[in-house]
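Dear colleague,

I am handing over the structure below, and after it you will find some notes on what came out of going through it. Please read them with the structure open beside you.

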Amino acid sequence: MLLPVLLTLTLLGCAHSSTNKTGKTGTETPPCCREVTPGAPLPDQSLYQLDSKWTSDHWRIIRLAALQGQPQVMAMMFTSCEFACPIIVNDMKRIADALPPEIRDKVNFTLISFDHERDTPEKLLAFRKRMGLPMAGWTLLRGEADDVRELAALLGVNYRKDARGQYAHSNTLTVLSPTGEIVHQQIGLNQSPDETVQQLLTLFRE
Amino acid sequence: MSLRLLILMLVAMAGRIVSGADTTAAPEAPAGMVAVPAGEHRPLFVLPNEPKTIPVARFALDKFPVTNGDFLEFVSANPRWRRSAVKRLFADQNYLKHWSGDLKLNDAAQTNQPVVWISWFAAKAFAQWKGKRLPTVAEWEYVAAASPTRVDGDKDPEFQRALRHWYSTPSPSELPRVGAGLPNCFGIFDLHGLVWEWTSDFNSSIMTGDARGDTGLDRQLFCGAGSAGAKDTANFPAFMRYGFRSSLKAAYTIHNLGFRCAKDL
């Protein structure tokens, strides 16, 4: 039942990007002021209301709404990060490992890059391989500077680029409900996965 | 006196028209904005090995904060940003609570008062609608450091005294209209003394309350900056702004928090 929704969203994303390439954006209404497309109503606090577009490590262009239908464990990072980001990915893997297999298959893990300049889809794919992240169940995304700033604001993640081009950032894992609402946040690195795992299990009991 | 001023302005305008023919001339600021020359911002806190200053390129900044009148035009043209339509994700329940309706100000006086009770998202959408953007912290702080007489306002004791007075005085329940005070030396009004203002990267300070939950290792990497020390511990207003920005969330709306727009030149 969800598949058509996902496909439509993906197609919308692709169609949109092709108009961009043909340069017909001059008269387009900026995202702030477009009327929201009617469709399945999303909860008032859903992150899936965001209009921003993101590119995956497989060059798929999506809106975040394409992630709906499954609980998400979401974190922000950048691939040339030497310290905190591998740890935050490991924290996510620990959560995945602690979930019963039948639940794990129904949870998606999403990593979003701060580094709109250097993190191309190729870099994201290399990061996926380096970190040993399976193709299924893990989504890696990059976006434009403003969109990254906006998503970070919603996730309560603070960051700034330092003089070396590295990103100083706070570390937060966010659990989103299938409709895109923040239901839980794990703040800091090397935290026990227990609480987040419990929150995810609760989503499946409901 | 006013005639002399008029002549001066005409001469200046004529100069601009002539220089406009020159393709190398720097672009002018749009109406209602001021072209701010390139400069630098000295952040209150810097990370270890970070330069002490952030360069700011030439840009345009609104002369005044956005008013309720301006914002009314915006919500009239964009129904999704009306009080009754806005999504809670983008603005909390107090959004535009000082108006008497979706498209109705409380009284005529509000027209020229700075708009407040607006979220970062709403401010950003307004800016986008105008073909502008919000200023960065570096841009805002660089411009706001200027006193009525000099760019380096920290060397103007009278200005510093006035700042400390405002930052330690609660906002009045009835806000004054915009542009009532003195402009700073760039010709920009109300950066202090009226309302606080949103910036595009308000969430760029990395010593937030969140750091409490961070591990020792993390603190070592990022929060060491806390002990790197502020550049000027006497700059009480800058500390207040820093603390205030750190406490904000993007959907918050507050009685004395407004904004103005910037634009690349």
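Which residues of H8(B) are buried? They are Pro237(B), Ala238(B), Arg241(B), Tyr242(B), Phe244(B), Arg245(B) and Ser246(B), where buried means under 20% relative accessible area, exposed means over 50% and partly exposed lies in between, with a 1.4 Å probe and protein chains only.

Before going on, please note that this is a predicted model, in which local features need pLDDT of at least 70 and side-chain atom pairs count only at pLDDT 80 or more, while totals for chains, interfaces and linings use all residues. Residues are numbered from 1 along each chain as its sequence is written, chains are lettered from A and ligands numbered from 1 in the order in which they are written, and side-chain values use heavy atoms, with hydrogens and water left out.

The cover over the buried residues of H8(B) includes H4, H5, strand E5 (196-197) and strand E6 (257-258) of chain B; helices (H or I, at least four residues) and strands (E, at least two) are DSSP runs, numbered from the N terminus. With H5 (residues 157-167) of chain B, the axis of H8 (residues 236-246) of chain B comes within 9 Å and crosses at roughly 40°, the axes being lines fitted to C-alpha atoms, for helices over the stretch in contact, with angles from 0 to 180 degrees between N-to-C directions. H5(B) and H8(B) are therefore oblique to each other, since angles under 35 degrees count as roughly parallel, over 145 as roughly antiparallel, 65 to 115 as roughly perpendicular and the rest as oblique. Leu163(B), Arg164(B) and Tyr167(B) of H5(B) meet Phe236(B), Pro237(B), Met240(B) and Arg241(B) of H8(B) in this contact, which means heavy atoms within 4.5 Å.

Chain B also holds an open sheet of three strands in the order E1-E4-E7, with antiparallel pairing; two strands pair if DSSP finds at least two bridges between them. Strand E1 (33-36) and strand E7 (262-264) of chain B are at the edges with a single partner strand each, so one side of each has no neighbour in the sheet. E1(B) and E4 (residues 59-62) of chain B are joined over four bridges, and Ala35(B) has Ala60(B) of E4(B) as its bridge partner. Helix H4 (residues 137-144) of chain B packs on this sheet, touching E1, E4 and E7 of chain B.

With kind regards
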